[in-house]
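Grab a pencil and work through these exercises with the model open. Try each one before you read its solution.

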Amino acid sequence: MSVKIIDLKANVMDDNNILAENTRKRLKAEKTFLLNLMSAPGSGKTTTLSALIPLLKDKFRIGVMEADIDSDVDAVRIKEAGAESIQLHTGGMCHLDADMTTQGLDSFDSASFDLVILENVGNLVCPAEFDTGASKNAMILSVPEGDDKPLKYPLMFQVADVVVINKTDFAPYFDFDIEKAKKNIHMRHPDIEIIPICAKTGEGVDKLAAWIEKEIIEWKK
C-alpha cells in the first residue's frame with residue numbers, strides 16, 4: 001500500500017519564490033531599490049543604518065521597514081536618523097517572507113522612495129532561507145561573533161550580495177582575524193564584496209554608502 005507524501009516546505013518555498021519574483025518586478029517598475037539587511041541579533045544593524053542614512057538622505061528618498069517580534073524601538077531610532085520608518089511585527093516568526101515584505105511595501109507606498117531598507121529579524125538561519133523580493137541582500141557580521149560564522153551558517157553568506165564586518169574597533173579585544181574571516185566568507189561566496197566598518201565611529205560607512213549608491217543607480221536603469 002502506497003502513501004502519498006507532500007513536501008510542505010517545498011510547496012511553501014515555491015509559493016514564496018513566485019511572490020518574491022513578482023515583488024522584484026514591481027520594484028523594478030517603480031524604480032525602488034529594496035535592500036534586505038540580515039544578521040544575528042546585536043550585530044549593529046540599526047546602528048549601521050543610523051550612521052548610513054545621513055550619508056544618503058540628501059541624494060535619495062529613504063524608507064526603512066523595521067522587522068521585530070515586538071516593540072518599535074528601532075523604528076523610532078531610524079526616524080531620529082532622518083528617514084521614514086515603519087515597524088513590522090512578525091507575530092513571533094524569526095524572519096520575513098515575501099508576503100510579509102509585500103504587505104509592508106503596500107502600507108509604506110514603496111513607489112515614493114528611491115531606497116527602501118528592510119531590517120530583517122535578527123537571526124542567522126531563517127531569514128536566509130526566504131526570498132523577500134529584495135533587489136539585493138546585505139548581511140552584517142560583527143567582530144564579537146567570531147571569524148568562523150561563515151563556516152557555521154553557510155547559506156546566509158551564500159545569499160548575501162555584500163558582507164559588512166562591523167565593530168572593527170573591538171578587534172583588539174576578541175579572537176577575530178579579519179583576513180581569516182574574509183577567507184571564510186570567500187569560501188562560501190567567492191566574488192562577494194566585503195566592507196569592514198565601525199558603525200559607532202562611522203569608519204568605513206562611506207564605503208557602504210558608495211556601494212548602495214552604485215546599486216541604486218544600476219537598479220534604476
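**Exercise 1.** Find which residue in S4 stands opposite Leu35.

*Solution.* Start with the labels: strands are DSSP runs of E with at least two residues, helices are H or I runs of at least four, and both are numbered from the N terminus. Leu35 faces Ile117 in S4. Next, look at the whole pairing: S1 and S4 (residues 115-119) run parallel, joined by five bridges. Strands count as paired if DSSP finds at least two bridges between them. Then check S5 (residues 136-142), which also pairs with S1 in the parallel sense, over five bridges. Here Ser39 sits opposite Ile140.

By the way, this is a predicted model, where local features need pLDDT of at least 70, side-chain atom pairs count only at pLDDT 80 or more, and totals for chains, interfaces and linings use all residues. Residues are numbered from 1 along each chain as its sequence is written, and side-chain values use heavy atoms, leaving out hydrogens and water.

**Exercise 2.** Work out why S1 is largely enclosed by the rest of the structure.

*Solution.* Buried means under 20% relative accessible area, exposed over 50%, partly exposed in between (1.4 Å probe, protein chains only). Now sort the side chains: Phe33, Leu35, Leu37 and Ser39 point one way, while Leu34, Asn36 and Met38 point the other. Seven of the seven residues of S1 (residues 33-39) are buried, so the strand is largely enclosed.
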